[in-house]
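I opened this notebook to record what I looked up in one structure. The entries follow the order in which I consulted the model.

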Amino acid sequence: MTDMQGKTGLIVGVANKRSIAWAIAQAAAAAGARLAITYQGERLEENVRELAAGLADPLIMPLDVTSDAQIASVFEEIDRTFGGLDFVVHGAAFAPREELAAPFVQTSRDGFRMSLDISAYSLIALARGAMPLMERRGGGSIVTLTYLGSERVFQNYNVMGVAKAALEATVRYLAADLGAKNIRVNAISAGPIKTLAASGIGGFSSILQVYRDRAPLRRTVDTSEVADAAMFLLGPGGRAVTAEVLMVDGGYHATGM
Ligand SMILES: NC(=O)c1ccc[n+]([C@@H]2O[C@H](COP(=O)([O-])OP(=O)(O)OC[C@H]3O[C@@H](n4cnc5c(N)ncnc54)[C@H](O)[C@@H]3O)[C@@H](O)[C@H]2O)c1
């Protein structure tokens, strides 16, 4: 098991117990890491505080990734409390519901802007905030979450597929930019999992069934399996891995027909 004793991490994207980011938080905490966990708006605060109550001395803060001011306060608070940062998990994504239902050609300028801002640009903003805190630790690891809809067309994934393509390119550019500081940047491309975010995608259950039928492992994946892969990328096992999109999808990405 990855040892994270003495490490500190920031986890963004916990909405409830089904969140992929929450599974990663639990795995990192079990490995000994001390965590800062953020919640998006008051609506989710109680959920996140209840979940985090079982962790050892967590730092819990509000963060809407569209707010530069909130991003700045998150890193100020982490600096004050932890004095540095070893890893960041970025699990924030959003597209307006109507953009996931209408034909792709109807994607609005506002919907496009909002989806790419929250789901892709936010990784750049968080990496910039984390950079000086990670430099102080001699390096760090940043992991984001993506989906195969970045490369292939999935019905109703629409503008989120475009946002994930931008996110994966962002991973490569950040990795190149921050590599000299020993900061690694990677993505996990997870197979479909029933979460709050997934509930916005029409026909999601049929996507799950296609994976059960056709993925080499003939099943879907669960959040703890994504968390195990994240632990590899966040921990010493992944120390030579950067600019990578690691597929954790039962092998579905390799299938043709
Ligand atoms: N569930 C899947 O099938 C699946 C598959 C591959 C990748 N992913 C990706 O995994 C990540 C986590 O999603 P999930 O499936 O765990 O769902 P989730 O709904 O539990 O997590 C999405 C998170 O994004 C946060 N978020 C949205 N807008 C935000 C904003 N403006 N500021 C801060 N946070 C914001 C939400 O609060 C929520 O915590 C997402 O990037 C998603 O695209 C999910």
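**Entry 1. Basis.** I note that this is a predicted model, in which local features need pLDDT of at least 70, side-chain atom pairs count only at pLDDT 80 or more, and totals for chains, interfaces and linings use all residues. Residues are numbered from 1 along each chain as its sequence is written, and side-chain values use heavy atoms, with hydrogens and water left out.

**Entry 2. Ligand.** I looked up the surroundings of the ligand and found 27 residues around it, the closest being S19, I20, Q40, I193 and T195; a residue is counted if one of its heavy atoms lies within 4 Å of the molecule. I then checked individual atom distances. An oxygen atom of the ligand is 2.7 Å from an N or O atom in the side chain of Q40. A backbone N or O atom of I20 lies 2.8 Å from an oxygen atom of the ligand. For D64, a polar side-chain atom is 3.0 Å from a nitrogen atom of the ligand. The ligand taken alone exposes 810 Å², of which the protein buries 94%; these areas come from the Shrake-Rupley method with a 1.4 Å probe, and for residues only the protein chains shown count as cover.

**Entry 3. R184.** I located R184 in strand β6 (residues 183-190); helices (H or I, at least four residues) and strands (E, at least two) are DSSP runs, numbered from the N terminus. I did find backbone oxygens beside the R184 side chain: that of G238 lies 2.6 Å from one of its polar atoms, and that of G235 lies 3.4 Å from one. Beyond four places in sequence, the contacts of R184 (heavy atoms within 4.5 Å) include S141, L233 and T242.

**Entry 4. H90.** I placed H90 in strand β4 (residues 87-90), where it is buried at a relative accessible area of 1%. Its side chain makes a polar contact of 2.7 Å with the side chain of S122, and a polar contact of 2.7 Å joins the side chains of H90 and T144. A polar contact is a pair of N or O atoms within 3.5 Å; within protein, one must be able to donate a hydrogen and the other to accept it, and residues adjacent in sequence count only if both atoms are side-chain atoms. H90 also touches, among others, V12, L126 and L167.

**Entry 5. L10 and L35.** L10 is in strand β1 (residues 8-12) and L35 in strand β2 (residues 34-39). L10 is buried at 0% relative accessibility, and L35 is buried at 2%. Their C-alpha atoms are separated by 5.8 Å, although the two are 25 residues apart along the chain. L10 and I78 are 68 residues apart in sequence and 8.4 Å apart, C-alpha to C-alpha. The contacts of L10 include I78 and F87; those of L35 include F82 and F87.

**Entry 6. Salt bridges.** How many salt bridges does the structure hold? I recorded eight. R49 pairs with E45 at 2.8 Å; being four residues apart in helix α2, they are separated by about one helical turn. R80 pairs with E77 at 2.7 Å, N to O, and these two are three residues apart in helix α3 (residues 68-82). R80 is exposed at 60%, whereas E77 is partly exposed at 24%. R137 forms a salt bridge with D86 at 2.8 Å. This pair links distant parts of the chain, 51 residues apart, with R137 in the loop between α4 (109-135) and β5 and D86 in the loop between α3 and β4. R137 is partly exposed at 30%, while D86 is buried at 11%.

**Entry 7. Positive phi.** D57, not a glycine, has a positive phi of about 50°. D57 lies in the loop between α2 (42-52) and β3 (59-62) and is exposed at 51%. N156 has a positive phi near 75° and lies in the loop between β5 (140-146) and α5 (158-178).

Note on methods:
Buried means under 20% relative accessible area, exposed over 50%, partly exposed in between (1.4 Å probe, protein chains only). A salt bridge is a side-chain nitrogen of Lys or Arg within 4 Å of a carboxyl oxygen of Asp or Glu.
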